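Subject: A structure for you to look at

Hi there,

Here is the structure I promised to pass on to you. Have a look at it first, and then read my notes below.

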Amino acid sequence: MLQGTVPLYYGSLSLQAFMGIKNKFQEEKYTWIEYPIHLFAWCVPAAGAINVALTENFNPSGSGCSMAKAPHGCEADPDILCERGDDIYTL
C-alpha cells in the first residue's frame, strides 16, 4: 500500500510548482503547502495499509500479495485452502 506514496509526491510536486508559478515564485506565499504535502503523501497510504492489515485482507498470491479475504483462487480450486497463513513458507 505504501507504493502510493511516490505518485502522491509527484502529484504534490506539480501542485507546489503550480503554486510557485501562481505566486510568482515568492516562497513565503507557498511554502506553507510543504508540510501538508508530506503529511498527506505518507499518512494516506499508511492508513490504507494499516486498514487492510487490521481487517486481515493481505493474502499470498503467486510471488506477491493481494488484498482479499482469502488467498487468490481458493474458491475455484479445491486444492487451495481458503485459510489464511497456509503459504507462509513462501515468504
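A residue counts as buried when its relative accessible area is under 20%, and as exposed when that area is over 50%. Please keep in mind that this is a predicted model.

With that in hand, let's begin with helix H2. Its buried residues are Ile37, Ala41, Pro45, Gly48, Ala49 and Val52. As background, an α-helix has 3.6 residues a turn, so residues three or four places apart point the same way. The length of H2 can be checked too: at 1.5 Å a residue, its 21 residues should span 30 Å, and this agrees with its end C-alpha atoms, which are 30 Å apart.

Next comes the pairing of the helices. In general, two packed helices are described by the angle between their axes and the distance between the axes. Here, helix H1 (residues 5–22) packs with helix H2 (residues 34–54) at an angle of about 160°, and the axes are 9 Å apart. An angle over 145 degrees counts as roughly antiparallel, and H1 and H2 are therefore roughly antiparallel to each other. The crossing of H1 past H2 is right-handed.

Which residues meet where H1 and H2 touch? From H1 there are Thr5, Leu8, Tyr9, Ser12 and Gln16, and they meet Glu34, Ile37, His38, Phe40, Ala41, Trp42, Val44 and Pro45 of H2. Sorted by class, this contact of H1 with H2 has 8 nonpolar, 4 polar and 1 charged residues.

Gln16 deserves a look of its own. This residue of helix H1 counts as buried because its relative accessibility is 18%. Apart from neighbours within four places in sequence, Gln16 is in contact with Tyr30, Ile33, Glu34 and Ile37. Ile37 is also one of the buried residues of H2.

Now for some backbone angles. Most residues other than glycine have a negative phi.

Happy exploring, and do write back with your questions!

Best wishes

Note on methods. Residues are numbered from 1 along each chain as its sequence is written. This is a predicted model: local features need pLDDT of at least 70, side-chain atom pairs count only at pLDDT 80 or more; totals for chains, interfaces and linings use all residues. Side-chain values use heavy atoms; hydrogens and water are left out. Axes are lines fitted to C-alpha atoms, for helices over the stretch in contact, and angles run from 0 to 180 degrees between N-to-C directions. Helices (H or I, at least four residues) and strands (E, at least two) are DSSP runs, numbered from the N terminus. Angles under 35 degrees count as roughly parallel, over 145 as roughly antiparallel, 65 to 115 as roughly perpendicular and the rest as oblique. A crossing is left-handed if the near helix is turned anticlockwise from the far one by less than a right angle, and right-handed if clockwise. Contact means heavy atoms within 4.5 Å. Ala, Val, Leu, Ile, Met, Phe, Trp, Tyr, Cys and Pro count as nonpolar, Asp, Glu, Lys and Arg as charged, and the others, Gly among them, as polar. Buried means under 20% relative accessible area, exposed over 50%, partly exposed in between (1.4 Å probe, protein chains only). The expected span of a helix is 1.5 Å times one less than its number of residues.
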